[in-house]
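Here are my notes on the model you sent. They are in numbered points, to be read with the structure open.

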Amino acid sequence: MQHRCWVLVLSVSLVCDMAVAETTITAVDSEDSKLVVHVTEGKETIAPEIYGHFAEHLGRCVYEGFWVGEDSEIPNVRGIRTDVVEALKKMKVPVLRWPGGCFADEYHWKEGVGPREKRGKMINTHWGGVIDDHAFGTHEFLDLCEMLDSEAYVAGNMGSGTVEEMQDWVEYMTSDSDSDMANWRRQNGREKPWRVRYFGVGNENWGCGGNMTPEYYAETFRRYQTYVRNYSGNRIVKVACGPGGLDVTWTEVVMEKAARQMNAIGLHYYVRGSGTWNPPGRKGSATEFDEKEWFVLMKNTLTVEDAITQTLQAMDRFDRRGRVDLYVDEWGTWWNEESGTTRGFLYQQNTLRDAVSAGIFLNIFNARCDRVKMGNIAQINNVLQAMILTKGKEMIVTPTYHVFEMYNVHHGATLLPSDLACRAYSFDGQQVPSLVVSSSKDASGTVHVSIVNLDAQRGTNLECLLEGGSAAGVTGRVLTADRMQTHNTFENPNAIEPATFTGVSIDGGLIKAAIPAKSVVVLAIDLK
Ligand code: AHR
């Protein structure tokens with residue numbers, strides 16, 4: 001862990017804080033936080049894949065979100081809508097996971113290649129019971145990855161598919177030989193194989209992917225992964241199904257029995273601010289919430305750090321050299337579906353609250369980039385914590401999109417260790433740190449600091465010292481709004497978007513930044 005956060009939660013300082021808060025808000029708002037960034041000490045690279053995405057055949061994520069068909073009046077290239085691709089290219093999508101999710105374990109890929117009019121039709125039993133006519137299949141997905149300049153992360157069907165089917169899929173996509181599968185791909189219009197970097201062997205096999213025990217999953221994983229081969233120079237990373245949330249037993253059993261056969265294991269981590277997972281419709285509203293629900297979401301989001309630490313500890317008991325990487329290959333907020341939308345399509349709005357939560361997640365992933373090598377927020381379009389929302393031919397981007405776009409300066413940069421002293425954000429007698437910060441240095445030597453102030457009420461004056469260097473110039477961008485619930489709509493698509501951050505200056509040897517309440521700020525610092 002390279003990042004240390006000192007939260008001033010000693011009872012004495014809390015009493016002081018509260019006393020001050022009760023008398024003068026201004027004085028509390030001017031209280032300093034301190035950050036020391038060690039600009040010459042970085043060792044670890046922040047894998048761009050930490051900023052990855054996930055597209056499932058679920059609701060309007062793939063169909064309408066990406067796929068509109070070649071004859072659509074919505075501008076498209078080979079059936080994939082241009083507006084969405086252009087917006088995502090600006091944000092950057094280093095890796096895209098597909099076709100699920102729960103859908104992956106009932107997807108039979110052979111139905112989704114060849115002439116579209118001859119493709120099969122299946123019921124998407126997990127998500128709304130709708131018919132999927134396989135218009136978007138392997139060729140369309142890999143075409144999309146090339147448009148986005150993304151690595152492909154294909155999730156294979158272990159729940160209801162055969163070993164042969166999985167083997168054939170990898171060969172179809174990646175082999176340049178004269179084999180039946182490679183020739184079938186050529187017949188279907190693609191001469192050269194694609195590069196497929198990541199392959200998942202099943203998804204949530206403890207649940208929707210077959211309700212397996214960890215022992216059964218591990219044994220079955222060993223068998224299936226044997227046939228996930230490297231063809232024609234393609235080197236595939238094999239990803240095993242890990243736990244849903246913190247589940248040390250699942251992790252330990254799978255690692256004990258199959259660590260040597262995998263390159264990475266996935267962790268799924270969804271968060272909410274109130275209510276319960278079941279029954280549906282009790283997860284809380286995406287847009288109507290109070291500070292209590294804001295606070296609970298922030299608190300729940302911060303727990304991912306402990307889940308990562310404990311999962312890594314469980315992994316390392318059976319992989320002492322830390323060879324197996326951890327991918328948080330589904331994460332994000334999960335709210336009630338918007339009223340008036342199709343049940344099972346998981347369409348939710350996205351406010352400043354979601355953006356702040358995303359900023360925390362990403363800063364924590366950066367902090368653990370020694371072992372966390374991928375993250376895939378769920379999901380890219382129109383589902384859960386989406387980047388993009390569409391309504392027919394209209395498209396808007398969400399506050400979470402803006403965080404990903406602001407943070408893309410961290411892709412491939414070197415994580416810099418930092419020390420942070422910040423006060424606690426207290427609510428209802430509970431406390432969390434008010435700031436979560438991450439610093440990195442990019443290839444050109446620019447230092448970027450992403451700062452999340454999760455306190456819904458209080459800003460802070462942050463003093464930042466660069467240990468081992470000094471600043472020649474600093475600029476910044478900020479994402480915030482007057483209301484916690486602010487979100488973009490089709491009527492008001494720019495209600496919340498990043499602005500130039502004017503509250504930063506260099507003063508002597510320090511960078512001083514007036515960080516607003518409930519905000520995400522990214523600073524760019526040029527060194528002398
Ligand atoms: O992202 C929605 C669903 O959440 C996925 O299909 C599944 O893997 C998870 O439970």
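1. A disulfide is taken here as a pair of cysteine sulfur atoms within 2.5 Å. The model is a predicted one, and a search of the whole structure finds 1 disulfide.

2. The partners in that disulfide are Cys102 and Cys208, with their sulfur atoms 2.2 Å apart. Torsion about the S-S bond of Cys102 and Cys208 is about -85°, so the disulfide is left-handed. Cys102 lies in the loop between strand 6 (95-98) and strand 7 (122-124), and Cys208 in the loop between strand 10 (198-201) and helix 7 (214-226), so the pair ties together parts that are 106 residues apart in sequence.

3. The loop between strand 6 and strand 7 also holds Pro99. A cis peptide bond joins Trp98 to Pro99, with omega about 5°.

4. Gln379 is placed in the loop between strand 14 (372-378) and strand 15 (388-391).

5. Which residues are closest to the ligand? They are Glu56, Cys102, Glu204, Tyr270 and Glu330, out of 13 residues that surround the ligand.

6. An oxygen atom of the ligand is 2.7 Å from an N or O atom in the side chain of Glu56. For Glu204, the distance from a side-chain N or O atom to an oxygen atom of the ligand is 2.7 Å. Taken alone, the ligand exposes 280 Å², and the protein buries 94% of that.

7. Where does the ligand sit? Its place is in the largest pocket. Sorted by class, the shell around the ligand has 7 nonpolar, 3 polar and 3 charged residues.

8. Asp149 is in the loop between helix 4 (138-148) and strand 9 (151-156).

Technical notes
Residues numbered from 1 in each chain as written. Predicted model: local features only at pLDDT ≥ 70, side-chain atom pairs only at ≥ 80, totals over all residues. Heavy atoms only, no water. Near = heavy atom within 4 Å. Polar contact = N/O pair within 3.5 Å; in protein donor to acceptor, adjacent residues only side chain to side chain. Areas by Shrake-Rupley, 256 points an atom, 1.4 Å probe, with all protein chains shown as cover. 1 Å grid on protein atoms, 1.4 Å probe; cavity = no way out; pocket = protein on both sides within 12 Å on 5 of 7 lines; lining within 4 Å. Sits in = over half its atoms within 2 Å of the grid points. Nonpolar A, V, L, I, M, F, W, Y, C, P; charged D, E, K, R; others polar. Helix = DSSP H or I, 4+ residues; strand = E, 2+ residues; numbered from the N terminus.
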